[in-house]
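Keep the structure in view as you read.

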Amino acid sequence: MEEYQPIENYGVIGDLATAALVSLNGSIDFLCFPHFDSPTIFAALLDAKRGGHFRIEPLTCQFKNRQRYFPDTNILLTRFMGESGIADISDFMPMEHLGHRHNLVRRVKVVRGEIEFQMVCAPKFDYGRATHTIERKGHKLIFVPDKKNLPALLLRASVPLKSEIGQAVARFKLKSGQTAFFILEEANSGGDSPSANPDYVSEAFKETMNYWLAWISRSKYRGRWREMVNRSALALKLLTSQAHGSIVAAPTFALPEKIGGQRNWDYRYTWLRDSSFTLYALMRLGYTEEAEAFMHWMEKRCEELKLGRPLQAMYHLDGRSKLPEKILMSLEGYRRSQPVRIGNAASEQLQLDIHGELMDSIYIYNRHGQPISYDFWMDLTKLVEWVCQNWKKPDNGIWEVRGGVRPFLYSRAMCWLTIDRAMKIAQQRSYPAPLVRWLRIRNEIYRSIYHDFWDPKLKSFVQYQGAKTLDAACLLLPMVKFISPIDPRWMSTLEAIKKTLVQDSLVYRYLPEKAASDGFDGNEGTFSMCSFWYVECLSRANDLRQARFIFEKALGYSNHVGLYAEQLGPCGEHLGNFPQALTHIALISAAWNLNERLTEEEK
C-alpha cells in the first residue's frame, strides 16, 4: 500500500470549474476534466497503477517535502529540500471564466544548488477505461482519447518532451534561479491558445494571485483564527461552479470512509443541504455574489418542479437530475477499497430535511442579500405545501441511510424550519400565504418533536421516534433556533451527547451498532463537521472556555495546509472525500460565533 499517499497529504487547486489534488511529493493524483463531474484524467489516488498521474520529482539524493499555499490564495507551493539543493513547484489553475482552457500550470524553480528532475504526464481518460494516442505538434504533445466525447489534452513545456508508451516524459537540470514550466490544457483546433504567449506563465501566475487576494479581501471576518477561516472560505470558493452558481460537496469520489470498507460515495454533485449551508457561511462572510448565483440556480430547480413532488437531495452542477449510481471496475480503489462508485443513488431518496435548510438560507438571503421574486416565492409555496402534507413520512435523513427509512428527529425539525422560515418571509415581504394553516401545522410538528422524540430516561432527544440512541445532527437544533441553547432539555441532551458521542474534541455522528445507520457493517470515524457543531453549541450555551479549548484542538486535526476530509480515523488519519465543504462551513460558523462571544465577554 506504500504507493498510496495518505489522503491528508494533498493540497487542492482549481479554476472554479474543476479541481486537482497535488500530493506532498509533487504528483497530481486526481483531476476530473474539464468539470467537477466529468470523468477523471488523473486518478492515481484511486488506482496507483491504472489511474493516471502528473508527476514532477527530483532524481538526485533524498529530499524532505513541505507544502503550503501562498498566503490567502489557492496557489500551492510544494518544496523539496535536500543536500544537493532546494526546489519549489508552484501549482495553480488560472480562472476558466477569465479566458483560460482549464489550464493546469506547473512551474519548477531551483532556489539553491543544482537539481535534476523527471516529469511524467500520464493521463488515463474516462476513469482509466479509454485508450489514447499521442500526437506531436512542434514542441507540444497532444493526448487524443479514442472516445470522441472526451476532450483531447495539450501539454506545453519549456523543456524538451518525449513520448513514451502513452505518456509524456522529460528530464531536465536546473541551477539556482532557473525555472521550467509545464502547461496542460484542453486542446482546441480553433486557433492557438493564450498559453502560447512566452510570458503566459508569469502573467497567469500574477493574474491568479491577484484574483484570490482580491476575493479573500472581501471577507468580513476580522476575528481570531482568521487564517483558518480564510483557508476554509478559499476552499469553499474552489468548490463553486462559476458557470452555474452551484457548489459541489467535495471534488472527489470513492475515497473510503473506512479503509477496505464499502462507504465509498461520489460527492461531485450539488447537495441542496451542503449548498444551503455554504450559502449561509458565504453570506456571513460578505460574499453576496456567490449567494446570488446559487439562488438563481436554485430558482431554476424550483421552476422545474412537478406538482406534488419534493426537491431532490442533489443534482448535477448544471441542474440535471439523473445521477445513476455505477461501480467502476477499471479502478481498484484507494488502498484497494472497493467498490469505486460514480453517481449517487441517494439522489432518489426521500430526505425531508433539505427543504428546511434551503428555506433557512433563502430567508437569510432575502433578509441580508437581495429580495426574492414573487415568481420564486410562488414556487416555494408549493414546496411548503408539500412539506405540510408529508412531514410525518419516514425518510432516509441527513445521513442518507440505506438500511431503511425512519421517522428521524432531524428531518422532523427541518420540516418545522421549512414552515417557520416561509412564514417569516411571507410576513417580511407581505407575500400571500395561508399563514393560519401553516402556523397550525408548524406548531403540530413542534409538539410532536417534544412528545415523540424526547426520552425521559435518557433525558435527551433521540435519533428517531422510539429509538434509544442519539444523533449528532440534533446539534443543529439550537443553531436554527428550534430550541434555546440554554433550555434545560437541550442542556441535558448536550450532556448526553458528550457522554456517548464525544471523544475529547472529536464527535461521532452516531454509534452505528446502535443507531439507524447507512446499511453497511463496521465502525466509522468521527465526523469533523460534528466536532465544529459541538463547539458552536458549547459557545451558544456560554461555556466559552470549553468551546475554545475544543475548537483549538479540533483545528489541530486539519492537514498541513488547513484542509479537512469528511472523517478522522482512529489514528487521526483523514477519511472520506476531500476536501469536504460541510466541515469547512461548520468551522467558519463555529469560529464566527465563538469569536463574537469571546469579544463580548472581554468588554
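Start at Arg406, whose charged end sits over the ring of Tyr464, 5.2 Å from the ring centre. A charge sits over a ring if NZ of Lys or CZ of Arg is within 6 Å of the ring centre and within 35 degrees of the ring normal. Arg489 does this too: its charged end sits over the ring of Trp454, 4.9 Å from the centre.

This is a predicted model: local features need pLDDT of at least 70, side-chain atom pairs count only at pLDDT 80 or more, and totals for chains, interfaces and linings use all residues. Residues are numbered from 1 along each chain as its sequence is written, and side-chain values use heavy atoms, leaving out hydrogens and water.

Now look at ring pairs. Rings of Phe, Tyr and Trp (its six-membered ring) pair if their centres lie within 6.5 Å; planes under 30 degrees apart count as stacked, over 60 as edge-to-face and the rest as tilted. By this rule there are 33 aromatic pairs. Phe294 and Trp297 are stacked, because their centres are 5.8 Å apart and their planes are at 20°. Phe294 is buried, at 0% relative accessibility. Buried means under 20% relative accessible area, exposed over 50%, partly exposed in between (1.4 Å probe, protein chains only). Trp297 is buried as well, at 3%.

Trp416 and Tyr446 form a tilted pair, with 6.1 Å between centres and 50° between planes. Trp416 is buried at 6% relative accessibility, whereas Tyr446 is partly exposed at 29%. Ring pairs join Trp416 and Tyr446 with Tyr450, Trp454, Phe461 and Phe482 in a cluster.
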